[in-house]
Each structure stands twice: as structure tokens, then as C-alpha cells.
Amino acid sequence: MPKRSEEMLVDLWMSLLLVWITCVPCVSMTPIIGQSKSTQTGGSAAEASGPGEGQRLLSRAKRGWVWNQMFVLEEFSGPDPILVGRLHTDLDVGGKNIKYVLAGEGAGTIFAINELTGDIHAMKRLDREEKAEYTLTAQVVNADTDEPLEPPSEFIIKVQDINDNPPQFNEGPYRASVPEMSAVGTPVTRVTATDADDPVYGNSARLVYSILEGQPYFSVEPNSATIKIALHGMDREMREEYLVVIQAKDMGGHMGGLSGTTTVTVTLTDINDNPPKFSKSLYEFVIPEDLPIGKMGGKVKANDRDIGENSKSTYSIIEGDDQGMFEIATDSQTQEGILRLKKPIDYESKRAYTLKVEATNIRSEPSSGGPFKDTATVKVVVEDSDEPPIFFKPVYLLEVNENAPVNTVIGTVTARDPDSTGSLVRYFIDRHTDLERQFNINVDDGKITLAKPLDRETDTWHNITVTATEVRNHSQISRAIVAIRVMDINDNAPEFATEYEAFLCENGKPGQVIQTVSAVDKDDPIQGHYFDYRLVPEMLNNPNFTIKNNQDNSISVLAKHDTFRRQKQEMYFLPIIVTDNGSPPMSSTNTLTIRVCGCSKDGVVQSCNVEAYVLPIGLSMGALIAILACIILLLVVLFVTLRRHKNEPLIIKDDEDVRENIIRYDDEGGGEEDTEAFDIATLQNPDGINGYLPRKDIKPDLQFMPRAGQHSGPNGVDVDEFINVRLHEADNDPTAPPYDSIQIYGYEGRGSIAGSLSSLETASSDSDQNYDYLREWGPRFRRLGELYSVGESDRET
């Protein structure tokens, strides 16, 4: 059919569809107009007029309103408001003054009513997807008084749907995954589209799905929108991702329907469908023979087209390593097989190895028929290296007697050069292990000799390190440990285990054990120690002591009588010979000291000194201590009493005494608190002094008898004379030290014409004072007068 004819046919069908949508609802909503003359008076009817004119009659028993739903087509846009319907009442006859009133949703804004005719018009363009229906109220009232003539009644205006909304995929675009190699018909995912049109009315919301892009790999169910595998053998290694475009079309998929599309990205997930594959069938590695154990000798790798866990493989040696010389491990990061040495290899023993290595996938799919594997051949060529000498033994155990002479051969160590060239070997002792240089070694044959005498009692073992060095290459060195054990000989005599000191009670009994004696020996014989004890020959017949063998390498010393007295002999010395069972036997003489002591009746030693006999008989040690404590206490009380009486001053009270305390500042002496050096009571009341008081600041070596002092009457004390007498006595005192001392005088006398010497009571300042009288006081005050005269001259200048 020509394209032009198709377009004309489509336009014709669209015109017919619009006419059908417009007319049919109007016919169906035509109101019923009728009147029941026999049962109804003053009844009312509603009339809706539309494009159709069909009418039919019905009767109602109680009301005059007969309603159907009114419909209005959405999205209608014309030059004039669209007529929705007409209201009519039986009261509207013959020029009756009535009017129609409309209320409810959209009344006056969306819907308007002609008050006279009852015609309802839609004033705006309506959208069912915004609001599908409106509920309104119709009423007939008096046009003049607005008095209701009938009760109000509700009716509904429904917005009739048209196909004006395309389908939409609200959750798109989509992503989905499916295992590779899935069977045809395997579901991948499901998409969902929605249509805002009315799903009840017509086919505007009936959707049909189709695939626009993604064929022939995928298909979609038209009604359920389930995407499925449509092609067999989809391999991820060939293509991993696919883009599928899905279309949803309303109107049941018919012509004229609206459509929407979405995309679905489908990813094929990996399964283990590919075996590991070595990049080479033969690998060759050259490994030096001195490669340390555990070090890498080479790498192999089997590639796998799969990803993730499906690509991981493990490596193993399945052939060619009967001796277990090699091992292969998997590097988890690079997925390589690391070939390592498990045992030392020797170029001179075997120069090449041929191994068969297998790579096996860790995971396997149940449908794949078992794990995938691949094998490769690995050839290892051993490269010759200059190796250090090899000792026949890693550790040598040698023995030597401790009395062996110098240059005695202790043993021999041997090493050889494993290389095919066979270099000569030289031997040396590592002197860090033989700091005292007690051993030597022959550099050519490895014989170890003694350089110094050894003593087992000092060191039982000597561990030294011997090195073997190639003559051709001194850097090739190997080491061996030589443990030398010093064998014991009987070269030490036994001796007492400790310094024994025995105590013998005066009241002891004959045969009483005084002391148990044991001996020790520094030697260590294989058969163990056995000691023989005996007295020296000159003490065999001594009348005081004897010994008894206890059969356990010890003896007991016994007393022969009970007449030991400290006054007679306080201490005894008993020499004892101790002999071992070595070859040759060794012996030593040890002396046991025995002290005679006084003991209690229970045999408890109380005193071992002869001076204890001067103590009264019957007094115990506790009583002596108590007596001594009492004597010390009495001495302390006596000393305190004498000291207190000595410090009491002799003072004669006199009500007329004038005392004044002179407070000195900047004085380096003891001040007025220095009561130990001088007794100031003497100066406080010279009338009561009738003799000489010795000084307390020194301890006199000579007893000085002072002469009688001069006495002044109570009312005629001359201070100047008193001071001169004291100065004369101090100058002629042979017990005084040869240095000046400070004399503190606190008494000024009575009735002096000079008045007080204190400057605290004077109102004159230093500048008004005349200190010339200080020069007239004698040589003792000359220095003081010079100081004050200097001060005056300084003020004048």
C-alpha cells in the first residue's frame, strides 16, 4: 500500500475514534426526564443533554431528581466552553421564577451553570491524571428570594480519559547479570513500566513489551517484561557486556499507542570454563650449586582466561624429583609458580634435573567434568660454583687429661674442597673462641695440640671454632665446632667442708659427740668419693679426744673424759688427716679447734671465756644486764641533778637595783641568749658577789684560785673600778685562751654622774654627740674612740 494511502487511512481511523469517544459517553449520561402524575406532585427531574438525543422514561416514587454520572472529555481545548450536561426540574414550567444553583468542587471556577436553563459547562481544560472526578451539589431556588424550592442533591462529573500519557520506566536504566554459557530461556531480569492513563477505561494503560536492540542474544516476554537468554553458548571471554533496549507500548501495542523505552546492561559473569595454560611447554633454568636452601630458582606461569577465583591455580611437581630436591609454591599475587631449593644441590654429584610441573585450577564447575589442568616440563641445569671446604663432621668431640703436657695432640679435624679442582685446605683456630690461646692447630693437617696446661676444676669444657680455608681462594671459609672435654685426674687433696669450731661443755660426759666433720674434694672420680680420716701419729694416744667413722664420708669427734676445765685449758687443737681413694691417693691435714665452755644443765653453751669466772656464782646473764642498766640510770640522774645546781645564779634581790637590757644589733657574738659563755648574773648585782666565778666558755687545765675581790658598799659602787678589776683578772687568768673574747656587762651601776650609756633614751642625734671621753677610758676603748673620731672628721669634710 502506498505511504500516502496509509496516512489517509490513519487519519480516518483517528477521526472515527474521536467521534466515538465523544458521543458514546454523552448518550450514556443522558438524564431521565419523567413525571409520575399519580404518585408525585411538585416532583422534579434533571435533564442532561449532550451530542446524542436519545431519551427514555422512568418513574420514581419519592423524588423528582433522577441522576446519572456526567462525563467530560479530558484535554479538550476549543474556542468555547464544553457543555457537560443540563439540569431540569418539573418546577421549571410556564414562567415560574426559579434559578439553578451549583456548588461543590470546582463550582464557579472549573464548572459554570446557566441559572435559567441549567446548562453546565467546563470552563477549563481538564486533566484526568491530575483529578479524575468532581463532586458537586445542584439545587433549585427562588430567583427573587433565593429560597430553596427543593433540597440539594449531589452528582459526580467524571473526567473521561484519553491516551495522552506514554509508558515510563521509572527504575531504568537497568543493570543485570547472568552466568556465561547459560541455556536458552534462562531469565536475566524483569523490567516494569507504568502508564498514567486510566487502566479501567479503554486500552490506554494496557502495555505490551518488545525488544528493540539486543537481538539475537536476548528476548523479552510481551506481557511480563521478563528478559531471557535467546542464544546458546554466550561466552564471557568473547564478549562480556551487552546493551538491550526494551520498549513498552500502550493501547495493547496497536497502532496509535504511545511508547517508552529503557536500556538494560547485561553482564555475563564468569564460570570456570577455561583450563590453565602454560605459556611454554618447556622451561629451562640455570641454578648455581651454592644457591641457599629456600631461595628461588625460577618461575613458571599458567594463564587462565577466567577471572577471579576461577583463574587461580596451584602448582605441583609430579615427576622428576625423586630425591625431593625442589619444591614449587604459588604466588598469590601474581599466580606464578615459584621453584625453590629444598635440599642442597651439588654440581659434582648431579648437573641437571628434569621436572614435570602441573597447574590445576582451585575451583571447578560441576558441569565442567572435573578440575582443569595443564602440564609443562622444567629443566634445571646446575652451575658449578667455587664452594668452601666441607668438614667431615660439623661438630668434633675431643678429650684430654688435665695433667697432659704442653704440645699433646688432642685430636684432628679434616675438611676437603668439594670442587672438581680440589684446592688445598688450611686450618686455623678462631681466636675469639680461644682468648687465652690454650690450643694450637697445624695449618696443614688439622691436628689440635695443647698450648697451656689445663685444669678441670677451673674449666671442664672448652669450645673452640676451627676454620678451613682454600689455599687458592681465601674467601672460601667454612667452620666447625670443636668441643674439648678435660678429663679429671686425682690432683686435689680432700679438705674439711668448712671451718669447723667445736664447743665442749665442762660438764659433758665421756663419749659425747663434740662435732661431726665431713670433707670435700674438687676432683670428680668416676667411682665417686671415699674419704679416710685419721689422727696425726703424735695425737693417736692423746688422752682427750678420739674420732669415729660414720660410714658416710664423715666422722664424729668424741670426748674421752669429763674433766675439762676452762681454768686449766680453754682451747684444744685436734689435727686430722683426710685421704681420698684416688690414684695416687691425696691427703691433707686439717685442724679442728675445740673450745671449752660453760653450759647449762641442758647442755646449752652459755660462756666460753675464762673471765666469766670472776662473776658471782649463781647470777645469770639476764641478772647482770639488769644490774648494769640500773647503774647507768643512776649515773644519768646524778649528772642531771649536778648540772641543774651548777646553773642556778646567786642573786640578791634589791628593790633599788636598776637593771637595763642592752639589745645589740650587728653583733657576731652569741647575744643575750649566749648564757653558756658568761654568767651575766655577776654584773647584774655586783653587791652580792663575794668571790670568783670560773668561766664557762673554756675547760681550764689548771686549777686557778682567784684572789678575793674588792667590795664596794651598797651605795658606793664604782663601775669603772669594778670593770678594771675584772679586766685585770681576765688578763692574768692562765686558763684563758690567747685570743680576745666578748665580755657582756649588763649592769651600769647606781648614782653615776655619766648617766645611762644607752642611746635609746637620748633625744640628740649622732652629730650632736661628743665621743672624746672614750679616749679617757683607757686602752680598751681607744679603738672605739678612734672609730667615732674618724666619723666626725668625715662629716666635717
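Biologist: In which sense, left-handed or right-handed, is the link of C597 and C608 turned about the S-S bond?

Modeller: In general, a disulfide is a covalent bond between the sulfur atoms of two cysteines. In this predicted model, the link of C597 and C608 is right-handed, with 100° about the S-S bond, and the two sulfur atoms are 1.8 Å apart. C597 lies in strand β39 whereas C608 sits in the loop between β40 and α2, so the pair ties together parts that are 11 residues apart in sequence.

Biologist: What is the handedness of the link of C505 and C599, and which strands hold these two cysteines?

Modeller: That link is left-handed, with -85° about the S-S bond, and the sulfur atoms of C505 and C599 are 2.0 Å apart. This pair links distant parts of the chain, with C505 in strand β33 and C599 in strand β39, 94 residues apart. Both C505 and C599 are buried, and both C597 and C608 are buried as well. With bonded cysteines counted along the chain, the disulfides follow the pattern 1-3, 2-4.

Biologist: Which residues have the most contacts inside the largest nonpolar core?

Modeller: In soluble globular proteins, nonpolar side chains tend to be buried together. Here the largest nonpolar core has 25 residues, and those with the most contacts inside it are F545, L574, I576, L592 and I594. Strands that each supply at least two residues of this core include β33 and β39, while β38 gives the most, with 5 residues. Leaving aside neighbours within four places in sequence, I576 is in contact with residues including F496, Y533, I555 and V557.

Terms used
Residues numbered from 1 in each chain as written. Predicted model: local features only at pLDDT ≥ 70, side-chain atom pairs only at ≥ 80, totals over all residues. Heavy atoms only, no water. Core = buried A, V, L, I, M, F, W, Y, C linked by side-chain atoms within 4.5 Å. Buried < 20%, exposed > 50% of the residue type's maximum accessible area, 1.4 Å probe, protein only. Helix = DSSP H or I, 4+ residues; strand = E, 2+ residues; numbered from the N terminus. Contact = heavy atoms within 4.5 Å. Disulfide = S-S within 2.5 Å.
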